[in-house]
Amino acid sequence: MTEFNREIDDNELDLYPKRDLVIVKGKNAIVWDDRGREYIDCVAGHGVVNVGHCNARVVKAIQNQAEKLISCTGIFDNDSKSKLLKMLVDISPASLNKAFLCNSGTESIEAAIKFARYSTRKTEFICAMRGFHGRTLGSLSATYNPKYRNDFEPLVPGFKFVPFNNFDKIESVVSKNTAGIILEIIQGEGGINLGNHEYFTQIRRMCDEKEILLIIDEVQTGFGRTGKMFACDHFGLQPDILCLAKAIAGGMPMGAVLCSNKITASKGKHGSTFGGNPLACEAALAAITFILDSNLADQSLEKGDYICSRLKEFNLQVIREIRHKGLMIGIELKVKVKPFITRLMKKGILVLPAGATVIRLLPPLTISYEELDKVINELYEVLRPV
């Protein structure tokens, strides 16, 4: 490690599985370390920088707003917040007409759980095995992986887990006390597992019949990542609650919960000191406008198909399966991925795991085809038989 790295480790709680890399600068799909070496970033903050690192519109919006008003508590309105709320409702599924702004994905799930319990006066939730919804106590209760849960039990009671893409299993555990069903359209942390249309259609119908709220977690899939503005748009799905974060504000910390008329709220039942602050709102307005103006959802669809078709042409024996929607890509191997991720980093490519055997690619949607070709070529070099 460099001296800089050691200094960080000495002063930070040891919560992250650190790589020996200090990133000091980023532009679009490229980041640079403290030694001046460049990397193609297919981590992108776990899918945060859909519009690229230091997007010029986002940077300008932050600079302009920082000179006017940085913070404004929720007891006052501000123009930036009002514009963003309208934009979010305009681009979201038609069922959603109100929003709550917060600071992160896990906060959006926490709020959704509270809103569902308050609106239904019921306390149970159904979630999917391999689902990931965050690490704070409420969202952790909806997260499946025991490695995140075990040390913090007892968690919030009333959460049940069933296999993903299996409607019969969900139906079998519904009770009169079921407040909501919390699902990802595509399980990111769980391995890039794609939900199917019929599954979500059946769930939507059952929720309507039994007065259950359908809560969709698009913290990672939102804002063009999968080839649509939101992954639920692939199915025409109308959630009762939609949880958003990551790419919403071009890299600034922000989350949002979009709600239908089924959600009731009253003063003081929830809130956030920094939620909807003008600085983050202006960054979000700039980022979302850039996504729309640049047709980044369409670009994501085309680029995702390109990289996956190229990789499949290699017919590499170590690959078990490639799963993707847009630029949310999972390359499942027949072996563990950690050594390959390390080798890719040495070759200037940053990627993520999604479980022990899946390489996850979440590059900025603005990544160039030249950069994609380099990623593809280095993946081939790392994964091909020696």
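**Inside a predicted chain**

Reader: What share of the 386 residues of the chain counts as buried?
Author: Happy to start there! This is a predicted model, where local features need pLDDT of at least 70, side-chain atom pairs count only at pLDDT 80 or more, and totals for chains, interfaces and linings use all residues. Residues are numbered from 1 along each chain as its sequence is written, and side-chain values use heavy atoms, leaving out hydrogens and water. Buried means under 20% relative accessible area, with a 1.4 Å probe and protein chains only; of the 386 residues, the buried share is 54%.

Reader: Which residues touch the most other members of the largest nonpolar core?
Author: Such a core is a set of buried Ala, Val, Leu, Ile, Met, Phe, Trp, Tyr and Cys residues joined through side-chain atoms within 4.5 Å. The largest one has 95 residues. Those touching the most other members are Ile 170, Ile 181, Phe 223, Ile 331 and Leu 383.

Reader: Which helix gives the most to this core?
Author: Helices are DSSP runs (H or I, at least four residues), numbered from the N terminus. With 10 residues in the core, the top contributor is helix 10 (residues 278–293).

Reader: How many residues are in the other core, with Ala 116 and Leu 213?
Author: This core lies apart from the largest one. Its members include Ala 116, Leu 213, Ile 215 and Ile 263, and its size is 22 residues.

Reader: What percentage of contacts between residues at least 6 apart in sequence join residues at least 24 apart?
Author: A contact means heavy atoms within 4.5 Å. Among contacts in the chain at least 6 apart, the share joining residues at least 24 apart is 70%.

Terms used. Buried < 20%, exposed > 50% of the residue type's maximum accessible area, 1.4 Å probe, protein only. Helix = DSSP H or I, 4+ residues; strand = E, 2+ residues; numbered from the N terminus.
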